[in-house]
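Hi there,

Here is the structure I promised to send over. Have a look at it first, and my notes follow below.

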Amino acid sequence: ARLSASLGLDDRSDGERLQRLLQRLGLPTVIPDALSADALYRLMALDKKVLAGRMRLILMRGIGRAEIVSDAPEDLILAALKAVGAGDRGQKTEDR
């Protein structure tokens with residue numbers, strides 16, 4: 001949801017609404033501090049959804065609507081991971 005908002009695909013308020021809902025359901029909404037954004041990105045690059053070296057992501061286009069995106073910039077993906085708690089090389093970030 002954060003990446004969708006960063007790319008202008010969705011309004012940030014939808015992501016905030018989704019986060020509140022997940023929290024009310026007792027589901028995790030942050031990445032554990034010990035996981036680094038760089039390591040997570042490298043693992044994502046190994047996923048079966050990577051096609052011809054391009055990471056394909058399912059992003060929000062509003063509540064209940066999604067879109068496959070294969071051109072999201074690495075820096076925005078890393079920023080979205082850090083915004084939800086992923087550290088920088090394993091270090092805790094302050095921008096949570």
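**What I found**

D10 is found in the loop between α1 (2-6) and α2 (12-24); helices (H or I, at least four residues) and strands (E, at least two) are DSSP runs, numbered from the N terminus. Please keep in mind that this is a predicted model, where local features need pLDDT of at least 70, side-chain atom pairs count only at pLDDT 80 or more, and totals for chains, interfaces and linings use all residues. Residues are numbered from 1 along each chain as its sequence is written, and side-chain values use heavy atoms, with hydrogens and water left out.

D10 is buried (under 20% relative accessible area, with exposed over 50% and partly exposed in between; 1.4 Å probe, protein chains only). Leaving aside residues up to four places away in sequence, D10 touches S4, A5, M60, R61 and G62 (heavy atoms within 4.5 Å). A polar atom of the D10 side chain lies 3.2 Å from the backbone nitrogen of G62.

G62 itself sits in the hairpin of β1 and β2, which has five residues between the strands, and takes a positive phi near 115°. The two strands, β1 (57-60) and β2 (residues 66-69), pair in the antiparallel sense over four bridges (pairing needs at least two DSSP bridges). Within this pair, I58 stands opposite I68 in β2.

One more spot to look at is A52, in the loop between α3 (37-44) and β1. Its phi is near 55°, a positive value in a residue other than glycine. A52 counts as exposed because its relative accessibility is 77%.

Best wishes

Methods
Lys, Arg positive; Asp, Glu negative; His and termini not counted. Salt bridge = Lys/Arg side-chain N within 4 Å of Asp/Glu carboxyl O. Polar contact = N/O pair within 3.5 Å; in protein donor to acceptor, adjacent residues only side chain to side chain.
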